[in-house]
Amino acid sequence: MCVLRGHMRRRQFITLLGGAAAWPFAARAQQPGKLPQIGYLGVSSPSMEPHYVEAFRQKLRDLGHVEGKNIAIEFRWAEGQDDRLPNLATELVRLNPDVIVTTGTPGAVAAIKATKTIPIVMATAADPVGSGLVASLARPGGNVTGFTILGPELEGKRLELLKQAVPGLSRLAVLWNPNNPGIVPYFETVRNAGRALRISLDPVVEVRRSDELDNAFTAIAGARPHALVVIADRFLLAHRKQIIEFAAVKRLPTMYPYREYVDAGGLISYAPSNIELFRGAATYVDKILKGAKPGDLPIQEPTKFELVINLKTAKALGLDVPLHLQQLANEMIE
């Protein structure tokens, strides 16, 4: 009889385990004394993105989550090498955090492939529906939610602004990363916008790895375009110093997809406020830690956009930025 009862208890225990597996987004049980843990998967490095991390941490503090006191954050950084993201995502999943925060579409893809149960919050992602990351913006479904940098239409706006800044612009170099699944529609928009504005794209240069940058720069310099556009991608952002230095040496007016390029010496950018997106990611982490299901939290689009112009760089390029663009700018760096 005792043996029979023992078997029954084991069967009941196994049944309970099966029930827990069937409800992966239920409140995750904490071991006594264990702090809720956030996994953070960064494409770049802590030295390149301290302002994003601090914005994320500060918003968490505002919401009552203090690192080391009532939450823990485990960071993994790809150091600008997208091919490291899958292994780093797997490392985070092994730690069994309560939620994983990702940056950039490749980071989100790596995290989703690593887990279908741990909630994932995308701090930034390009075209999450088109990339297959979520079912829809309103109802993402699954274990993923977060924030998008909006759709590829921004690239058309960037080309319009660049043409206004560079008189006589008719030949444009394009630098982009085709390995980023969310960015392919962005390139298509650049091509279509180029046709509409009578700008030929020559050359179009693909960069998938950091060791391809030098050859990309050689190809662009050899074609002698009037200007350069860098398509949104956090891998390229991680290598912004090299890109900005190349543009300066070759005296290429360049439109960038993030203001961080302009802060570092680039000419002009038009982009959503990434600081706001990372603060938003913290609010979603807060909701999930309090029991919300990620699939029920809608994907949020940016509401704040910034046109930033570096007048010092414009002067070095011998470029007179039109007065109307200066008036449109949210910030001018002098």
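A residue counts as buried under 20% relative accessible area, as exposed over 50%, and as partly exposed in between. The model described here is predicted.

Aromatic pairs in the model come to 11. In one of them, the ring centres of Tyr-270 and Phe-305 are 6.2 Å apart and the ring planes lie at 15°, so this pair is stacked. The pair links distant parts of the chain, 35 residues apart: Tyr-270 belongs to strand β10 (residues 268-272) and Phe-305 to strand β11 (residues 305-310).

Strands of a sheet pair through backbone hydrogen bonds, either parallel or antiparallel. Here, five strands form an open sheet in the order β2-β1-β3-β4-β5, and the pairing is parallel. At the edges are β2 (72-77) and β5 (144-146), each of which pairs on one side only. From one strand to the next the twist averages 25°.

Helix α2 (residues 50-62) packs on this sheet and touches β1, β2 and β3 (99-103); its direction makes about 165° with that of β2. Helix α3 (residues 85-94) also lies across β1, β2 and β3, and runs at about 175° to β1.

Strand β1 (residues 37-42) and β2 run parallel and are joined by six bridges. Within this pairing, Tyr-40 has Phe-75 of β2 as its bridge partner. Tyr-40 and Phe-75 also belong to a cluster linked by ring pairs, together with Phe-56 and Trp-77.

**Helix α6**

Helix α6 (residues 184-196) has 13 residues. From first C-alpha to last, α6 reaches 19 Å, close to the 18 Å expected at 1.5 Å a residue.

Which residues of α6 are buried? They are Tyr-186, Phe-187, Thr-189, Val-190, Ala-193 and Gly-194. Seen down the axis of α6, the buried residues fall within an arc of 155°, so they line one face of the helix. Arg-195 and Ala-196, on the other side of α6, are exposed.

The cover over the buried residues of α6 includes the helix α5 (153-165) and the strands β6 (171-176), β7 (200-206) and β8 (227-230). Just after α6, Arg-198 takes a positive phi of about 60°.

Key: Residues numbered from 1 in each chain as written. Predicted model: local features only at pLDDT ≥ 70, side-chain atom pairs only at ≥ 80, totals over all residues. Heavy atoms only, no water. Helix = DSSP H or I, 4+ residues; strand = E, 2+ residues; numbered from the N terminus. Expected span 1.5 Å × (residues − 1). Buried < 20%, exposed > 50% of the residue type's maximum accessible area, 1.4 Å probe, protein only. Arc of directions from axis to C-beta. Contact = heavy atoms within 4.5 Å. Pairing = 2+ DSSP bridges. Axes fitted to C-alpha atoms, helices over the stretch in contact; angles between N-to-C directions. Phe/Tyr/Trp six-rings, centres within 6.5 Å; stacked < 30°, edge-to-face > 60°.
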